[in-house]
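Hi everyone, thanks for coming. I'll take a few minutes to walk you through one model, so please have a look at the screen.

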Amino acid sequence: MQTLTLTRPDDWHLHLRDGTLLAQVVPFSARRFGRALVMPNLKPPVTTVDAALAYRNRILKAVAPDCGFTPYISLYLTENTPLAEITRAAAEPCVLGFKLYPAGATTHSDAGVRRLEAVYPLLEAMEEQELVLQVHGEVTDPDIDIFDREAVFIERELVPLRQRFPALRIVLEHVTTAEGVAFVQESPPQVAATITPQHLRYNRNALLAGGIHPHYYCLPVLKREKHRQALLAAATSGSPKFFLGTDSAPHPRPAKESACGCAGCFTAPLALEMYAEVFEQACALDRLEDFASGFGADFYGLPRNQEKVRLIRESWKAPQTLGGEIPLVPLRAGETIDWRCET
Ligand SMILES: NC(=O)N[C@@H](CC(=O)O)C(=O)O
Ligand SMILES: [Zn+2]
Ligand SMILES: [Zn+2]
């Protein structure tokens, strides 16, 4: 049987939610990943170092103490973030940066940034203190077609931002387009991107062809095949600028299967396995370890993990729903997955 032993991977973009949902979902990540950068779009958002430390403790309480899972937090950047919070964040090892949510772009982003100019002093301080800006890269302009929102954001916001803050460390989170890939490739080394398993594996047909498939709806939305090809080429290129970030984003089943279903794919129970599938299909399994377990840690200046995980080339079926108090439907529910994680 074919097996694949990897340095334990890390997830550099993860939503764990809070309360009951947190307890339900975190074990799926902790089983596979050594570390995760946990996103701050809770209600209310995690905007301060104190709130981040409290959230981190709640995450740690929800996993077995000996499981070796280390959460890091990205702080939610707002137009009201005090300058002093930047200094505080820079001094706190478990805070790895600030998340830029253009207000209205995605789930729980209403406290986000309306005008980028309003946070220029904060970005200047972040640049000086070498903090990372994690970006949800979509414009919120209702006149822009939803499939173009990432490309337009890059042109209107990110290119000028890179020019104004040339040393600012930026991660274009969940990159979904050829334009996003090109932006990262042509930027200096402190600009990188995370790539999700769904954007590597699917184009927009998975969402819209043969009926509407709400569990494949996330933001930025799945794109055309040519964009998927660009992402796949980037992820398997061996470039250290592209690394794993699942963007696993659980929502209760009724909120997904609704006349106005919310954005987010719950992938934690099968994301690592899916990355193995797509790298295998691209004949690039030898590049998976750097993408999943190396480049992200290098970018964040953290040591690579010591432990290993083992994947086995063995089919299994993703569950239709995951039990627990809150019903959750994972991506690929009921479908066959080619790789199984042994740990
Ligand atoms: N990706 C998503 O579609 N949803 C995320 C938010 C985000 O990462 O944009 C969520 O929190 O549900
Ligand atoms: Zn996002
Ligand atoms: Zn996300």
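This is a predicted model: local features need pLDDT of at least 70, side-chain atom pairs count only at pLDDT 80 or more; totals for chains, interfaces and linings use all residues.

Helices (H or I, at least four residues) and strands (E, at least two) are DSSP runs, numbered from the N terminus.

Residues are numbered from 1 along each chain as its sequence is written, with chains lettered from A and ligands numbered from 1 in the order in which they are written.

Okay, strands. E6 (residues 132-135) and E7 (residues 169-172) are parallel partners, joined by four bridges. Which residue of E7 is the bridge partner of Val132? That's Arg169. To get from E6 to E7 the chain goes through helix H5 (residues 149-164), and this β-α-β crossover is right-handed (with the strands pointing away from the viewer, the path from the first strand over the helix to the second runs clockwise).

E7 also runs parallel to strand E8 (residues 191-195), with three bridges between them, and Val171 stands opposite Ala192 there. That step goes through helix H6 (residues 178-185), again as a right-handed β-α-β crossover.

As for E7's side chains, Arg169 and Val171 point one way, Ile170 and Leu172 the other, and all are buried. Buried here is 20 or more other C-beta atoms within 10 Å of the residue's own, exposed is 12 or fewer, and partly exposed is in between, with C-beta atoms placed from the backbone.

Now ligand 1. The residues around it, meaning those whose C-beta atom, placed from the backbone, lies within 6 Å, include His15, Asn41, His136, Leu219 and Ala263.

UniProt's "binding site" annotation, from an unreviewed entry, also lists those five, and His251 is another one of its positions. Positions are in the numbering used here, feature names are shortened, and annotations may be inferred rather than shown by experiment.

So where does His251 sit? It lies in the loop between strand E9 (242-244) and helix H10 (253-256). His251 counts as buried because it has 25 C-beta neighbours inside 10 Å.

Ala263 is in the loop between H10 and helix H11 (271-281). With 16 C-beta neighbours inside 10 Å, Ala263 counts as partly exposed.

Methods:
Two strands pair if DSSP finds at least two bridges between them.
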